[in-house]
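This report looks at how two chains meet in a predicted model. The sequence and the structure are shown here for reference.

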There are 2 protein chains.
Amino acid sequence: MTPSAATPAYRRLSVEERRSQLLDAALSLFAHRAPEDVSLDDVAEAAGVSRPLVYRYFPGGKQQLYEAALRSAAEELQHCFDEPREGPLLPRLARALDRYLAFVDEHDTGFSALLQGGSVVETSRTTAIVDGVRRAAAEHIFRHLGVSAAEPRLRMTVRMWITSVEAASLMWLDEDKQPPVQELRDWLVEQFVAALTVTAGRDPQTAAVVGGLAGEG
Amino acid sequence: MTPSAATPAYRRLSVEERRSQLLDAALSLFAHRAPEDVSLDDVAEAAGVSRPLVYRYFPGGKQQLYEAALRSAAEELQHCFDEPREGPLLPRLARALDRYLAFVDEHDTGFSALLQGGSVVETSRTTAIVDGVRRAAAEHIFRHLGVSAAEPRLRMTVRMWITSVEAASLMWLDEDKQPPVQELRDWLVEQFVAALTVTAGRDPQTAAVVGGLAGEG
């Protein structure tokens, strides 16, 4: 492409469109490489713009771009949890897990780098974004379970399961995405039911939830 | 204490003793405060020495001291997993959990700060230390289960449980150490058995392990 051809295209995007184009380019790079292996030049090249233009939109450089990309990925991930509250509960959970695992599959390297910690771009802000997703996941689950105020034992059980889903996702990526994703999903659903069932023996609120699940079968 | 009284005591310690005294002081501070709330002056004061002396032993300053304290805590934590391989399995697991939860109780704030991420002193080295403890915990469990080469499904199940024990520990600290520690421990043992039982339905190696546990009951 000659400069004269590039320039008009360059101007056609609004500020918002340009910003979102740069973010998309950054996200697709951060998804498949560790943050330390992505440079601003890479982002500029992937978006087909100059490095100074990237800096104009993200004056904080790579850290700012990473956090913005992470925020946009977190939003996308939270959409995975959107599931109508109708029909039996476990198939709802299975569908949300399918979307979540597809997200993990699509953002493999970035997902591992983010959650495995010790990354060069990790800050209290990136941690807060990840924690926000975990909290949102727990809230979705409580809503689907019909629980408006989860007591400590149920809350712990659900958050332990969410953490163990993360751990399973990381190991799944490490194991070249084995077992097949549908098996992983079914197994995670079974682990959820088993964890709730154990807690039900100690906690009436959880026992009521498990009773509801059994009534569906 | 007058300087003349302090000086001889000051000289009586060998290099190793002094280093270990500074580390102990640092560890007890890092155990109960977030790393950003501990200064080298605090460490010097707690150890009853001057700030330059702390720097002589730890020229890398707070980061080096934090990593050394973390390494020493990680060693202490790994001793929690030392449990003779005799007698029924679940009581062994319960005893190891008792020691682990006592460690969590004793290092509460530091434990949370370390595992919740986004700390100012978190680096790829601190992450590697924590991962080393997780790996050691998994290896101990496999040895106790009599498994010399864990296959992916069993490995995932054990590591998911270890991760969920960490999550439960953090929430337990957040909930002012409720439920009582013995209840938490029994509940975690039950979760372990339930998780293995679910996996046993999909994996012969895990089914053999669960069969062994049942034979003990």
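## Salt bridges and polar contacts

In this predicted model, six salt bridges are counted between chain A and chain B. One of the salt bridges joins the side chains of R153(A) and E183(B), with a distance of 2.8 Å from N to O. That value lies within the 4 Å cut-off that defines a salt bridge.

Residue pairs in polar contact between chain A and chain B number twelve, counted with both residues at pLDDT 80 or more.

## Helices on the chain A side

The side of chain A that touches chain B draws at least two residues from each of α8 (124–145), α9 (152–174) and α10 (181–200) of chain A. Of these helices, α9(A) gives the largest share of that side, with 13 residues.

Sorted by class, the side of chain A that touches chain B holds 14 nonpolar, eleven polar and nine charged residues.

## Extent of the contact

Chain A contributes 34 residues to the contact, and chain B likewise contributes 34 residues. The area buried between chain A and chain B comes to about 3,000 Å², and carbon and sulfur atoms give 63% of this area.

## An annotated region of chain A

An unreviewed UniProt entry lists residues 39–58 of chain A under the feature name "DNA-binding region".

Definitions and conventions
Residues are numbered from 1 along each chain as its sequence is written. Chains are lettered from A and ligands numbered from 1 in the order in which they are written. This is a predicted model: local features need pLDDT of at least 70, side-chain atom pairs count only at pLDDT 80 or more; totals for chains, interfaces and linings use all residues. Side-chain values use heavy atoms; hydrogens and water are left out. Contact means heavy atoms within 4.5 Å. Buried area is the accessible area (1.4 Å probe) that two parts lose on being put together, summed over both. A polar contact is a pair of N or O atoms within 3.5 Å; within protein, one must be able to donate a hydrogen and the other to accept it, and residues adjacent in sequence count only if both atoms are side-chain atoms. Helices (H or I, at least four residues) and strands (E, at least two) are DSSP runs, numbered from the N terminus. Ala, Val, Leu, Ile, Met, Phe, Trp, Tyr, Cys and Pro count as nonpolar, Asp, Glu, Lys and Arg as charged, and the others, Gly among them, as polar. UniProt positions are given in the numbering used here, feature names are shortened, and annotations may be inferred rather than shown by experiment.
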